[in-house]
Amino acid sequence: MSDRFSLGRLWAMVTKEFVQMRRDRMTFAMMVGIPLIQLGLFGFAINSDPRALPTAVLDADRGPFGRAVVAAMQASSYVRVTGLVDSEAEADQLLAEGKVQFVVNIPPGFSHRVARGERPPLLVEADATDPAATSGAIGTLNVLAASALDRDLTGPLARLKPSPPPFELRIHRRYNQEANTQYNVVPGLMGVVLTMTMVIMTALAVTRERERGTMETLLVMPLRPLEVMLGKIAPYVVVGYIQVAVILLAAKLVFRVPVVGSLGLLTVASVVFIAANLAVGFTFSTVARNQLQAMQMSFFYFLPSILLSGFMFPYRGMPAWAQAVGEILPLTHFLRVVRGIMLKGNGPGEIAGEVGALFLILLIVSVVAVRRYRRTLD
Amino acid sequence: MSPAAAIEVEGLSKSFAGRVAVDSLSLAVPAGRILGFLGPNGSGKTTTIRMLCGLLTPDRGRGTCLGLDILTQAHAIKRQVGYMTQKFSYYEDLSIVENLDFVARVYGLPERKRKVAAALERLGLTDRRRQLAGQLSGGWKQRLALAACILHEPRLLLLDEPTAGVDPKARREFWEEIHRLAADGLTVLVSTHYMDEAERCHAIAYIAYGKLLAQGSVSEVVAEAGLSTFTATPAAPEADMAALARRLSGLPGIELVAPFGSALHVGGADRDRLLASLAPFRGDAAFAWREDAPTLEDVFIHLMGRSRDNFAGAAPP
């Protein structure tokens, strides 16, 4: 029967899409440009564990222990002492203007009181408007204050060494020992770039046919909805793989992200994710009346994908409802897959659940898309 | 007349958001004929054509296209029908040959290369085959569209205002091609606004405001309308044709008053009342009167004037 799915007709759509893609220079540039630009922006510019934060020191003590504390802070890469101030007013001014992130306030007589065993306070004022920027540094300063004076408290002063706490707190960072943000961001970026380009490309695919009037030709020919959909999607799977290759190369050569797991496995898992995003875009294009609406819908989809998937903010930090929204987004599952394979060296067993979720999303969205695609102009 | 009907529909109706676009239209087109589909803008021609090729589902009515049910066998109809849309609807960013290749692949044509080459040759597109469709002028786009919709050797061609915006020479060549195709056995339904094109058809159907008002050969349609027409020409230097036109219009029995150069064309369906109204003017020595045969255009203007405008109430102010 002629009404069955036909590979020949699918191939007709695929070749047509490829030729059109080749002619559309702007779109082509976007496909390669977007991953590179995003990598540059996110990979180099975003760092959730910033170091060398500008710090002012108000040293009213001018004693040996005060200087030792400041020297220890400077030795940690978190703090960069940018200047000494003479008054609290001056320190407040610098904080208010945002010129420094921290002010270390060493009270008068600090060294004397340390020597007398009075455990004097040492005040660190932090500009906490962006908690993410300071949390790492504050954590370090706490540890640092306890050990900064170890070397100086010798001889008769040795008794002042803090007594050992009843338990030893040892923080051991696994998978990303240096807490290198790029190791987390760059693999995640692969998912973000694919989400953005794949959804937009296919969201425009059907609306473009409608706007240019070519939809009437497509509809009057014996093409089935599934043939149109697969024909529109298949060329972009290739584009998606080009993007994956660009990002993986940059991850390895530029950002030196270690790839612990199997690249082959990642390639297989990526195709499910790419197809799911393309199906989402195709669904948008069956709903949108014009290309502008299709773009708006893509952005409406893109925002929660970035915010709720665990790419930008920790997934576990979100309330239950937000996590539930995150679960239905393909990016959430792909982030777990890609970070799992690249950083933890996960095998097929560990990622099967997430890939299964991607498959389920792909299936549901495809059914919706094919049903939404109308075969008449009614 | 060939006994087999290529199109046979009864009582087709279609509304869009409460507005009747096509109102119980019945149409029969014998195989191998060229039917001209005429009517003013917005009269439902495009809607009818789209219902015939399965692009729109009729609200009511039934019928067959090439012996296949238009309601249940739309997919099979699509394989045997060539539909040329009013607006160019092939890919402007593909070349002529790429467009034809795409169509040939979709229809799964055997010997694709040979058929595409033959279609290019037939419509004189061979030299331009590598040009992008978007860079072609109206006449060449129209040829490409025709080449694409006959590529799969359909038995029925539905052409929706194919010659709109095309120069007279290209129009003439286009019609020669249509007649060649009909001679090969194709049935053609072509909508148009041009009277000269209507007269090139074997039969015409006139539709206004969604209703079929007349159907038959040109001479049948003209005869059925029963119009009487007269032409007045100036016979004296003081003859004021414009004043004559003003005085005639609105008189009982006078349905059309149209100037043609310095002559004035007057007509109506009720011969007695027309003659009674004209009598005083025919005695005026300033004008020379003669009775002539009504034209197709006279008939259409007469038909349009009589049909009730069912859109008028819903029209925006």
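In this predicted model, the domain assignment divides chain B into domain 1, residues 5-222, and domain 2, residues 228-293. The centres of domain 1 and domain 2 of chain B, taken over C-alpha atoms, are separated by 40 Å. Chain A is likewise assigned two parts: domain 1 of chain A is made of residues 7-46 + 180-372, and domain 2 of chain A covers residues 53-160.

The next topic is the interface of the two chains. On the side of chain B, 27 residues are in contact with 30 residues of chain A. The area buried between chain B and chain A is about 2,600 Å², and carbon and sulfur atoms give 58% of this area. Three residues, Leu55(B), His75(B) and Tyr91(B), supply 25% of the area that chain B buries against chain A, more than any other three residues.

Between chain B and chain A the count is three salt bridges. Arg50(B) forms a salt bridge with Glu216(A), and the closest N and O atoms of this pair are 2.9 Å apart. Twelve residue pairs are found in polar contact across the interface of chain B and chain A, both residues of each pair being at pLDDT 80 or more. As for the elements on the side of chain B that touches chain A, those giving two or more residues are α2 (74-80) and α3 (96-106) of chain B. Of these, α3(B) gives the most, with five residues. By residue kind, the side of chain B that touches chain A divides into 13 nonpolar, six polar and eight charged residues.

Two residues of chain B stand out by their backbone angles. Most residues other than glycine have a negative phi. Ala17(B) is not a glycine, yet has a positive phi of about 50 degrees. Ala17(B) sits in the loop between β1 (5-16) and β2 (19-30) of chain B. With a relative accessible area of 86%, Ala17(B) counts as exposed, because exposed means over 50%. Glu111(B), also a residue other than glycine, has a positive phi near 55 degrees. The place of Glu111(B) is in the loop between α3 and α4 (112-122) of chain B.

Glu177(B) belongs to helix α6 of chain B, which runs over residues 168-183. The relative accessible area of Glu177(B) is 3%, so this residue is buried, the cut-off being under 20%. The side chain of Glu177(B) makes a polar contact of 2.7 Å with the side chain of Arg122(B). Another polar contact of 2.7 Å joins the side chains of Glu177(B) and Arg180(B). Once neighbours within four places in sequence are left aside, Glu177(B) is in contact with Arg122(B), Leu123(B) and Leu146(B).

The last stop is in chain A. Ala245(A) is found in helix α9 of chain A, residues 225-253. The relative accessibility of Ala245(A) is 40%, so this residue counts as partly exposed. Ala245(A) and Thr332(A) are 87 residues apart in sequence, and their C-alpha atoms are 21 Å apart in space.

Terms used: Residues are numbered from 1 along each chain as its sequence is written. Chains are lettered from A and ligands numbered from 1 in the order in which they are written. This is a predicted model: local features need pLDDT of at least 70, side-chain atom pairs count only at pLDDT 80 or more; totals for chains, interfaces and linings use all residues. Side-chain values use heavy atoms; hydrogens and water are left out. Domain bounds come from an automatic or database domain assignment. Contact means heavy atoms within 4.5 Å. Buried area is the accessible area (1.4 Å probe) that two parts lose on being put together, summed over both. A salt bridge is a side-chain nitrogen of Lys or Arg within 4 Å of a carboxyl oxygen of Asp or Glu. A polar contact is a pair of N or O atoms within 3.5 Å; within protein, one must be able to donate a hydrogen and the other to accept it, and residues adjacent in sequence count only if both atoms are side-chain atoms. Helices (H or I, at least four residues) and strands (E, at least two) are DSSP runs, numbered from the N terminus. Ala, Val, Leu, Ile, Met, Phe, Trp, Tyr, Cys and Pro count as nonpolar, Asp, Glu, Lys and Arg as charged, and the others, Gly among them, as polar. Buried means under 20% relative accessible area, exposed over 50%, partly exposed in between (1.4 Å probe, protein chains only).
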